[in-house]
Amino acid sequence: MAGEHVLVIGGGGTGAAIIHDLTRRGYRATLVERGELTAGTTGRHHGQLHSGARYAVGDRDIARECMEEVHILRKIAPQSLEMNYGLFVATNEEEAAYGDHFIAACNEATIPARDIPVEKALEMEPFLNPDITRAVQVPDGTLDAWRLPLHFFATAQAAGATVRNFTEVIGLHRAQGRVTGARVLEHATQREYDIEADFVINATGAWAGQVCALADIDVPITPAPGTMVAVKKRLNNMVLSRLHPAGDGDIIVPQRKLSIIGSTQWQTDDPDSILARHEDIEFLIRKANEMMPSFADAGFHAAWSAVRPLAGRAEGSDGRGLSRDFTCIDHGAEDGVAGLLSVTGGKATVLRAMAEKTVDTLCGILGDDIPCTTADAELLPHRAFFNPSPA
Ligand SMILES: Cc1cc2nc3c(=O)[nH]c(=O)nc-3n(C[C@H](O)[C@H](O)[C@H](O)COP(=O)(O)OP(=O)(O)OC[C@H]3O[C@@H](n4cnc5c(N)ncnc54)[C@H](O)[C@@H]3O)c2cc1C
């Protein structure tokens, strides 16, 4: 029947898409974020709009989902996307040979991928290493990491959702085996207060384990930070990737007036302690130069890190073996603590799909037969979040 009050914890892209979906299905929604909106991983990634090609060989489900979501985001939030395409390039014979397998896997995942002549690739990308031996074009693109979630926040807010930033969940209330709300700390005033809810959704990404611990739940998640380096020039038009299985330092994203090389990957127990390491910065610049030899000369702009909220446990490794797919955990069924869902994993590109699956799960638990409609509903412009009533 809907109308229940749902508290969403975490103001990244996932939380934004969830409150939008909730309001469209008739739920009352409140979202709390401990910092500024998108201040977690969402506001720190390099902003590749993934066609899924990067994952087509080893991680087919997320590859397919990425392609489907690119089509949907182009309809509902076109202002925050650049459909500038992507180029996978071979810098040696082994990579060139991998190309056939790569193209076949992309096509199986419904991602159009085609060889383009090397001379044509060099014409389109003048800063590309002239020694490349193969180039495969795919429908990757660039997304604006800050603005894309704001479309969802703006639309949810206009539909009645409450969004409270700088408000941190410091406790979860439990009664008779279920979560019934949260204790929050409002950072601006240092005031603590309670928010009651019929259901709580934990969309805190790499921090999901810490929030679940407030309800004595041990959630399987691997926070895996990665570093990126930006130079002060937009050297490439398309997203450039190495034509090999996804690894470190093999993507250069054109973002605003910058080029960003990413990334590295390691594991941490503390998602708040992720300083970029000197050796990673040097490694990334070296790898970028292999694809675009003038990268290092373009002028250093910044180096920073962000934490992947990988679903599952890496068991001592860096987590590269874990899927990039997302999962929604019903803690009633899994841990005997009803009224709480956690969503972990995924990519920024699939934020809407993550919300759809999470709210579908919620509807299933509550016995509400309300279909998701977010794939067809164009979102408000991102500015409408700060200026809610231009009409
Ligand atoms: C190096 C790197 C590069 C990436 N590049 C890309 C890319 O190019 N394209 C792509 O599609 N994806 C990319 N990703 C993945 C993508 O960034 C993430 O999947 C996505 O941003 C996760 O969003 P989220 O909303 O789930 O998490 P977050 O954005 O981290 O949001 C969780 C929020 O919860 C808040 N929070 C935590 N604890 C509490 C609490 N107690 N109370 C209230 N709030 C709390 C945090 O402050 C945070 O803002 C990349 C990831 C990394 C690490």
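This is a predicted model: local features need pLDDT of at least 70, side-chain atom pairs count only at pLDDT 80 or more; totals for chains, interfaces and linings use all residues.
One spot to look at is Leu81, whose bridge partner in strand 8 is Leu143.

Now widen the view. These strands belong to an open sheet of 3 strands, ordered 3-8-4, with antiparallel pairing. Strand 3 (48–49) and strand 4 (81–82) sit at the edges with a single partner strand each, so one side of each has no neighbour in the sheet.

Next, head for the greasy part. In soluble globular proteins, nonpolar side chains tend to be buried together. Here, the largest nonpolar core has 69 residues, and the members touching the most others are Val8, Ile18, Ile19, Leu22, Phe102, Phe152 and Phe153. Helix 2 (residues 60–76) supplies the largest share, with 8 residues. And where does this core lie relative to domain 1 and domain 2? Domain 1 (1–45 + 145–220 + 316–391) and domain 2 (84–142 + 222–311) both give residues to the core, so it lies between them.

Setting aside neighbours within four places in sequence, Phe152 is in contact with Ala16, Ala17, His20, Leu73, Ile76, Leu351, Arg352 and Leu379.

Last stop: the ligand. It is surrounded by 35 residues, and the closest are Thr14, Glu33, Thr42, Gln48 and Thr349. A polar backbone atom of Gln48 is 2.8 Å from an oxygen atom of the ligand. For Gly13, the distance from a polar backbone atom to a ligand oxygen is 3.2 Å, and for Gly346 the corresponding value is 3.3 Å.

How values were computed:
Residues are numbered from 1 along each chain as its sequence is written. Side-chain values use heavy atoms; hydrogens and water are left out. Two strands pair if DSSP finds at least two bridges between them. Helices (H or I, at least four residues) and strands (E, at least two) are DSSP runs, numbered from the N terminus. A nonpolar core is a set of buried Ala, Val, Leu, Ile, Met, Phe, Trp, Tyr and Cys residues joined through side-chain atoms within 4.5 Å. Buried means under 20% relative accessible area, exposed over 50%, partly exposed in between (1.4 Å probe, protein chains only). Domain bounds come from an automatic or database domain assignment. Contact means heavy atoms within 4.5 Å. A residue is near a molecule or strand if one of its heavy atoms lies within 4 Å of it. A polar contact is a pair of N or O atoms within 3.5 Å; within protein, one must be able to donate a hydrogen and the other to accept it, and residues adjacent in sequence count only if both atoms are side-chain atoms.
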